[in-house]
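The following exercises concern a single protein chain.

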Amino acid sequence: MPLPTLSLPAIAGGRPMFDERLPIVSPEGIPNDEFIRDVQKILSSRQLTNSAYVREFEEAAANFLGGRRSIADSSCTSGLLLVLRALGLRGEVILPSFTFHATAHSIVWNGLTPVFADCDPKTFCVSPEAVRAQISAGTEAILAVHLFGNPAPVAELEEIAASSGIHLICDAAHAFGSSVNGKRVGGFGTAEIFSFSPTKLLVAGEGGLIATRDGDLARRLRAARNYGDSGNYDPELVGLNARMSEFHAALALRGLQGLDARIERRNEIRVLYEHRLGLLPGLSFQQIPSGSRSACKDFAMLVDEAAFGRSRDWLVDALQKENIDVRRYFWPPVHRQKLYREIWDRRPLPNTDRVSDSILNLPIYSTLSAETVDKICDAVIRAHEFARKSEMAKARGA
């Protein structure tokens, strides 16, 4: 199938592909009248936090995840903080550098030492081989990330954790609804922690959830989100105020309806992008392993400057001028951020550097029409065409 010949891109003075800004994300599963009735009921009850709606949401989430114990809290970050604290860890925690910095923050907040491991250049998730290479006598846990909803290699990581006598914890901020061989994310390792902020597929406004198979850990976490106090005014651990409000729980509870359909639609959009943009030289995409289902929280592609004809940053600029909101998640990687440069042990992370320096994220949400996806692809294609012709003209001039 030949590439179409398109008009001049906006970066070269052409008319933008979109007249108004196209956002990269759009909150999904937002209810209307149902939620308003919930709010009225909550106000009438005068129980505004950690009450009936929170319990109902925890039960619904546990059922969705396959019966795992579920503890609602104020955010994924607070959940990560509390899990690390409740486990009483001391020493080192291995994590990917290619992640949002909150993953690393949770380790440092607990007085633990982050040890960065390289990512798999195809899936962008942490590499089991790189994790093995970082295991030491001081290692207490592996903190993996289900990146953009793509499940981390949990089978291999569970084996490493079991053989090393350490915990596997998963930052599952992107992955509510993802699965591996039919098993929902939320049932792997010691604990998995989700986010329900506005950029996620399940939205609570703000909020998070910890899923675990460990009953004693679940009990401690319920106390930990309430300053460590289980109800007797005599805290058993140093916790936080990390409770979920009734309003947030009601919003998330309603958002569970239709979640699997939204994930299916996002995967359809992912395939549309890959089908059209896969024709272009210099573009490659995050690979979803066989048997895994990604929630597709983000759509990511890598831009190879030599093959594409322009750099990733040039393409970012070109698409923004087309009124398409795009991102570079996650650039720079955590080990190159100013807070972590001195902590990093300077072992090379070549895959992380390459992926981070070439990553580009396009809009994805279940309400995107096929026509809109096509227009986004057209914008990328005409940017490439312009770059190719410019290089040809430069070569002729030389």
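**Exercise 1.** In this predicted model, determine which residues of α8 are buried, and state why α8 is described as largely enclosed.

*Solution.* 
Step 1. A residue is called buried when its relative accessible area is under 20%.
Step 2. The partners are then identified: the buried residues of α8 pack against α1 (33-45), α2 (52-64) and α9.

**Exercise 2.** Locate R225, decide whether R225 is buried or exposed, and list its contacts beyond the neighbours within four places in sequence.

*Solution.* 
Step 1. R225 is found in the loop between α7 (215-224) and α8 (246-255).
Step 2. The relative accessibility of R225 is 6%, and therefore R225 counts as buried.
Step 3. With neighbours within four places in sequence set aside, R225 is in contact with N50, E58, I71, A72 and L82, and also with L240, N241, A242 and R243.

**Exercise 3.** Describe the largest nonpolar core and state which element gives the most to this core.

*Solution.* 
Step 1. The largest nonpolar core has 34 residues, of which Y273, L277, M301, L315, L319, L360 and L362 touch the most other members.
Step 2. Two or more residues of this core come from each of α9 (259-277), β10 (283-285), β12 (299-303), α11 (312-321), β13 (359-362) and α13 (370-397).
Step 3. The element that gives the most is α13, with eight residues.
Step 4. Another core, of 32 residues, lies apart from the largest one; A104, A173, A218 and A224 are among its members.

**Exercise 4.** Characterise the protein chain as a whole, and compare its radius of gyration with that of a compact globule.

*Solution.* 
Step 1. The secondary structure comprises 13 helices and 13 strands.
Step 2. A compact globule of 398 residues would have a radius of gyration near 21 Å, and the 22 Å of the protein chain agrees with this.
Step 3. The C-alpha trace spans about 80 × 55 × 35 Å along its principal axes.
Step 4. Of the 398 residues, 55% are buried.
Step 5. Among contacts with a separation of 6 or more, 73% join residues 24 or more positions apart.
Step 6. Finally, there are 46 positive and 47 negative side chains, and the centres of these two sets lie 2 Å apart.

Terms used. Residues are numbered from 1 along each chain as its sequence is written. This is a predicted model: local features need pLDDT of at least 70, side-chain atom pairs count only at pLDDT 80 or more; totals for chains, interfaces and linings use all residues. Side-chain values use heavy atoms; hydrogens and water are left out. Helices (H or I, at least four residues) and strands (E, at least two) are DSSP runs, numbered from the N terminus. The radius of gyration is taken over C-alpha atoms; the globule rule is 2.2 Å times the number of residues to the power 0.38. Buried means under 20% relative accessible area, exposed over 50%, partly exposed in between (1.4 Å probe, protein chains only). Contact means heavy atoms within 4.5 Å. Lys and Arg count as positive and Asp and Glu as negative; His and the chain ends are not counted. The place of a charge is taken as NZ of Lys, CZ of Arg, CG of Asp or CD of Glu. A nonpolar core is a set of buried Ala, Val, Leu, Ile, Met, Phe, Trp, Tyr and Cys residues joined through side-chain atoms within 4.5 Å.
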